[in-house]
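Here are some notes for a colleague who is meeting this structure for the first time. They take up the contact between the chains and then the arrangement of the domains.

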Amino acid sequence: MSRALIVHRVGPGVTVQDHGRPGYLAFGLSRGGAADQLALIEGAALLGQDSSLAALEMAGTGGEFEASEDMRIALTGAVMRANIDGTRVRWDASHLLAKGSRLTIGPAEAGSFGYLSLGGGLDLPEHLGAKSVHLAAGLGARVKAGDHLPLGADGRHDTGLKLDPDPRLDGGTIRLVPSLQTEFFSTAEIARFETTEFHRDSRGNRMGVRILPQGEGFQTEAGLMVLSEVIVPGDVQITGDGTPFVLLSECQTTGGYPRIGSILPADQPKVAQATPGAVLRFQFVTLADAVEIERRERDRCKMLRSRVQPLIRNPHDIADLISFQLISGVSAGDDLERDETWL
Amino acid sequence: MTPHPSAENAGWPRIRTAGFDGFLVSFADHLSEPANRAALAFRDAIGRAGWAGVEETSTSLVSTYLRFDPLWSDHAQMQAALEGLLGDQDWFTAKLPTGRRFWRVPTVFGTDMAPQLEEASKAAGMSPEEAITSISGTRVRVQTIGFAPGMPYLGELAEDWNIPRQTALTSQVPAGGLCVALRQLVLFPVATPTGWRQIGQTGFRLFRPDSDKPFVLSPGDEVLFEPTTPEKLHAMKEDADGGAVSEVIS
């Protein structure tokens with residue numbers, strides 16, 4: 001039997017995701033793919049493999065999984081409480097999941113979408129050129145208890161690595177560029193949009209998230225009679241009641257509600273990961289600045305592998321030596337993960 | 001549709017950026033048949049031009065969208081290429097795509113399957129009966145495919161149907177639901193929340209991911225929504241076409 005991740009118990013929002021399927025916009029199918037693309041790239045960096053391999057995206061909570069054979073795993077994105085056979089393991093790290101071991105991933109402690117990447121990636125059939133499930137389009141289905149998810153071949157054995165991720169789990173300032181309908185909003189409304197504090201609403205999914213302004217909603221003269229026009233992930237749509245709705249990876253491809261701006265790809269993970277109630281602010285940048293920001297972001301992604309470090313830290317780098325169990329820390333690769341001080 | 005005088009197109013086409021990595025070339029700011037044809041033909045022309053850095057193109061009702069990699073090509077370069085191509089011909093006189101089909105789609109109007117017929121008719125200043133006659137008697141054209149996979153925007157309906165979308169979203173219109181606003185009809189391939197009012201229900205599956213033709217309708221196809229009863233529609237529920245039949249438009 002081929003190597004597989006056996007699913008014993010699973011949350012309601014667990015799906016197979018990759019970078020999605022670009023190229024079907026003309027047919028009304030959005031790209032889809034992981035809500036937090038950076039988390040896939042981080043998972044791939046931890047496992048030393050290509051980020052195009054499919055992983056599990058876990059919205060809100062994970063589940064209980066078993067390894068049919070030894071396999072490498074990496075945990076990234078929203079921080080969830082995870083243990084292997086009862087021993088807590090560090091998030092944003094790679095681990096060995098030995099044959100027969102149980103991996104339990106609980107609810108998110110920070111952020112919305114956690115990711116479980118596997119050495120060799122998930123080896124599932126492609127639909128229209130990608131493995132990612134597109135829930136809004138009815139393409140593929142959620143992972144369910146009893147599933148055996150086959151893995152691709154993995155030529156590597158290294159585990160016990162960690163990565164300090166770019167902070168993006170608790171809201172913050174989101175940069176956006178003016179887009180095709182920004183001019184429908186008055187200068188005063190744009191200014192108010194930039195100075196308003198928003199809270200992520202409890203309503204949100206892979207298609208998008210609603211964000212609630214402190215104070216009044218936003219208005220345009222164009223109102224409800226705008227001709228339907230192309231939508232891309234990151235667009236901030238102002239719905240009929242003036243509330244912004246940020247479109248994410250599984251968004252529709254056209255829409256008639258006016259859009260005030262479009263969030264930079266670099267900041268889209270921050271919106272996807274914000275938990276209900278998280279504070280978000282918006283800041284317009286010029287297209288030229290946006291290109292520079294994206295260039296730096298792309299370079300950073302390319303360099304991620306060089307930021308991966310062993311879970312065992314050099315004692316010289318540890319500021320507070322007293323709080324660490326040095327003896328177990330230097331003795332074996334995975335021991336230190338059991339110490340809560342690492343989490 | 002009445003032909004548009006050339007003055008209608010003054011100031012168009014217009015090029016705008018769309019998000020960080022896109023351009024939108026619009027041929028009008030309202031629905032117009034020449035602008036719709038122009039958008040389709042211009043997208044074809046971009047495809048034939050084969051510019052480096054272009055990642056994807058599509059059309060909406062009156063616009064052509066292009067996505068590119070701004071770190072590979074820059075915005076100024078891409079804008080200049082678009083301007084150059086626009087100057088090549090009068091896009092408003094472009095022909096419709098070839099290989100178009102005409103579909104007759106059985107539709108239940110009103111009843112509890114399409115609960116907003118009355119409300120939509122009222123907004124259009126008609127009785128529900130007049131509304132059914134008006135809609136089912138208009139052969140509409142697929143102007144674009146968008147929003148959801150394989151989903152057509154169809155038009156153009158009589159001026160009475162220039163009604164706005166509703167302020168609040170309907171939380172769920174089922175797959176096959178026929179909705180109206182802005183002199184247009186949309187037919188949903190999957191259950192979806194929407195601001196459009198549902199006036200009809202069909203059994204026509206627009207997106208068939210495991211078929212060799214996953215997207216059934218194409219821009220330029222024409223459709224007539226023919227009234228049927230809930231009982232007849234129910235009897236056709238195993239049929240992916242929901243009783244719809246088509247022929248090539250010659």
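1. In this predicted model, the contact between the two chains draws on 41 residues from chain A and on 42 residues from chain B.

2. On the side of chain A that touches chain B, the elements giving two or more residues are strand E14 (229–230), strand E17 (254–255) and helix H4 (287–303) of chain A. Of the elements on that side, H4(A) gives the most, with six residues.

3. Sorted by class, the side of chain A that touches chain B is made up of 21 nonpolar, 14 polar and six charged residues.

4. Turning to the domains, chain A is divided into domain 1, which covers 4–165, and domain 2, which covers 172–299. The centres of domain 1 of chain A and domain 2 of chain A, taken over C-alpha atoms, are separated by 28 Å.

5. Where these domains meet, 20 residues of domain 1 of chain A are in contact with 13 residues of domain 2 of chain A. On the side of domain 1 that touches domain 2, helix H1 (37–47) and strand E8 (102–118) of chain A are the elements that give two or more residues, and E8(A) gives the most, with three residues.

6. What is the make-up, by class, of the side of domain 1 of chain A that touches domain 2 of chain A? That side has nine nonpolar and nine polar residues, together with two charged residues.

Methods
Residues numbered from 1 in each chain as written. Chains lettered and ligands numbered in written order. Predicted model: local features only at pLDDT ≥ 70, side-chain atom pairs only at ≥ 80, totals over all residues. Domains from an automatic or database assignment. Contact = placed C-beta atoms within 7 Å. Helix = DSSP H or I, 4+ residues; strand = E, 2+ residues; numbered from the N terminus. Nonpolar A, V, L, I, M, F, W, Y, C, P; charged D, E, K, R; others polar.
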